[in-house]
Structure formats: structure tokens, C-alpha cells
Amino acid sequence: MSVTPQVLAHQADAPEPSPEFLAREARGEITPTEASRYRAFLKRVVAEFLTHRIVVNNPFTRWFAQGQMSDDELRHFTVQFSVFSNQFLIAQLKKMLASDSIESMRGAKEILANEIGAVFRSSKARGSDVQRTDAGEAADPELVGIEGSVDGGRFWFKAAHFEWLVDFAQPLGLRFEDLGKRKHGTPSTLHFCDRLIEVYGSEDPNIGAGAGFAIENWAAAGFWQELEDGLKLVRAERHPKLQLGFWTWHNRIEAQHAGHTISDLEAAFFAPQFEEEKFLTGGRAMLEALSVFWRGLDADRVYSASA
Ligand SMILES: [Fe+2]
């Protein structure tokens, strides 16, 4: 399932709690006061996060999906995305260190470990995982699973998301040393990365949780699909050697996450330490920083087209 802008716009009129929430409410496990407090919060989240303009209307990714970018524009985009991809590791590590429970620390650690090369071990595929002895098939993003846990799984250098991005960039003439460092980032990309480190990686768990929800919801709302669509056109038309695994893997996993975001929100809201205003502040700050990143890329393409 993926969340489309239409679905979100519909939710803005009538935000719905998850089926699990409704069932718990029907069983009397949630008091009427708690339920109405949650519904009011959900309305704010929908209005401020789910229908935020950068989530439902991103001019850069809409343009990118048409596959009409020049090679220079594609290289510029790749380099900026690689900077974000690497700086995200710092933000994720900070989030992990700021965790307020062993469970949330494991959740954060799982994402970090997977980023750097620990593949998910699905209960369905345990037998074959154990048999594998080389990284070829096991680390191929076209084949690597999107379900399960890194717990008891295997680590491959080749399964690091950054290495997938390096493989993607190679036919475009970009080498490892052209990618991923702060020195390669534009001011708008670095602004986004710095806010990610500060807000998503905040020591205050409520601010971090709000930022995490905003990022997760952004990632689940369809931009990976637009990037994949554009890159498939580029590959078909002029770059047959492009390896799209970095993009297709993220698109697959985020489409799967889209169904979880409302349940995650409920779990955060009913946690004992939850503070609504801080959560909203964290989310708002993250979406603003995301807007700076995408608007920066959009301005760069408009500028290069008119130069
Ligand atoms: Fe990733």
C-alpha cells in the first residue's frame, strides 16, 4: 500500500484512527476523554504534517518523475542525495543514543545497522540466508528483503545503502570521492542535514519522535516512486547500465511502511512521557528543513536551465 496525496487530502476532511484503536475503544480500553484528546491531536497532525505542501506537492520530484533531466542535473541530484544519505547516519546514531528505552534503542539501531550493511533476516527465508556464503546475491538491493530484523542477520559491505548509491552513480561518471561528504553539499542540503542531526537526533525524545514521524510520513508518501519512475525512463532512454537498486529498494520498503504510520503515531501518543507540543514542534521543524532541501534542488535546476 502507498499513501497518495488524494488519500491524505481525504484524511484531512475526516482523519481516522487505526482499526486497532477503534477496536480498543469499542472494548472500553480507551476512555472517552483519551479518545477525544487523541482525535483532536490526529486532526492537528493531519493538518500540519500529512498535508504539508512538501509532502503532497513537491515540484522537484514531480519534474524528476518525467525523466527529462540532463545528465548534469542528474549528477547534481545524485551528489546532494548522497550527502543527505551519509549525514543521515549521524542523525540516526544520535537518535539511537537518545533512546529512552531498550526497545526504542533497538528500533533506532536496526535502521542504522541496516543502513551500513546488515540485511534483514526474514523468518520466511532463514534457511537460505544461512546457506549464502558470498555477498553477490545476498547484498543485491534488487533481492535484499524489506521484512524481518537485522537481529541474527548477516553483514555485507556490499549491502550498505551508500555502496548501492556509489554503484548507481558510477555510469554517470561519479566516483566514490565525488559523493557523500559535507564538502559536496550545497547550503540548502547542509541546512537540511544539520537540522536532521539536531532535531531528528534530538536528546528530547518527544522532539525526536515528532521529527521521526514527519520523516517517516514524508518517505512513505510517494517521493521514492517519483524518483524511481524518472530513473527508469532515463535508464530506458539513455543509460542502460544504471543500477537502480538503491532507489527501488527504498521505494519498496517505504511503500510497506506507509501502512504503519498511523499506528506508530498512536503508540507515541499513548506513551507515558508523551508531550504533544514538543512532538508537533519536532515534526514541523523537520518538514521545514525538508522543504529547504527540495526547494534548493528545484532552484538549482531552474537556474541551470536558464544559464
Ligand atoms: Fe537507506
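User: Why is E115 called buried in this model?

Analyst: In this predicted model, E115 has a relative accessible area of 13%. Buried means under 20%, so E115 is called buried.

User: What makes E115 a donor of the iron ion?

Analyst: The protein donors are E115 through OE, H161 through ND1 and H250 through NE2, and they lie 2.1 to 2.2 Å from the iron ion. A donor must be an N, O or S atom within 2.8 Å of the metal, so these atoms qualify as donors.

User: How are the donor residues spaced in sequence?

Analyst: Their spacing is E-x45-H-x88-H. E115 belongs to helix α7 (residues 102–116) and H250 to helix α14 (residues 245–257). These two residues are 135 residues apart, and the pair links distant parts of the chain.

User: Is H250 buried or exposed, and how do you know?

Analyst: The relative accessible area of H250 is 7%. The limit for buried is under 20%, and therefore H250 is buried.

User: Why is the pair E198 and R195 called a salt bridge?

Analyst: The N to O distance between their side chains is 3.0 Å. A salt bridge requires a side-chain nitrogen of Lys or Arg within 4 Å of a carboxyl oxygen of Asp or Glu, so the pair meets the rule. Both residues lie in helix α11 (residues 187–200), three residues apart, which is about one turn of the helix.

User: What makes E198 and R195 partly exposed?

Analyst: E198 has 47% relative accessibility, and R195 has 25%. Buried is under 20% and exposed is over 50%, with partly exposed in between; therefore both residues count as partly exposed.

User: How do you know that R24 and E29 form a salt bridge?

Analyst: Their closest N and O atoms are 3.7 Å apart.

User: Why is G208 called buried, and which residues is G208 in contact with?

Analyst: G208, found in helix α12 (residues 205–220), has a relative accessible area of 3%. That value falls under 20%, so G208 is buried. Leaving aside neighbours within four places in sequence, G208 is in contact with K95, V199, Y200 and S202. The C-alpha atoms of G208 and G282 are separated by 6.3 Å, although the two residues are 74 residues apart along the chain.

Terms used. Residues are numbered from 1 along each chain as its sequence is written. This is a predicted model: local features need pLDDT of at least 70, side-chain atom pairs count only at pLDDT 80 or more; totals for chains, interfaces and linings use all residues. Side-chain values use heavy atoms; hydrogens and water are left out. Donors are N, O and S atoms within 2.8 Å of the metal (3.2 Å for Na, K and Ca); water is not among the atoms, so sites may look incomplete. Helices (H or I, at least four residues) and strands (E, at least two) are DSSP runs, numbered from the N terminus. Buried means under 20% relative accessible area, exposed over 50%, partly exposed in between (1.4 Å probe, protein chains only). Contact means heavy atoms within 4.5 Å.
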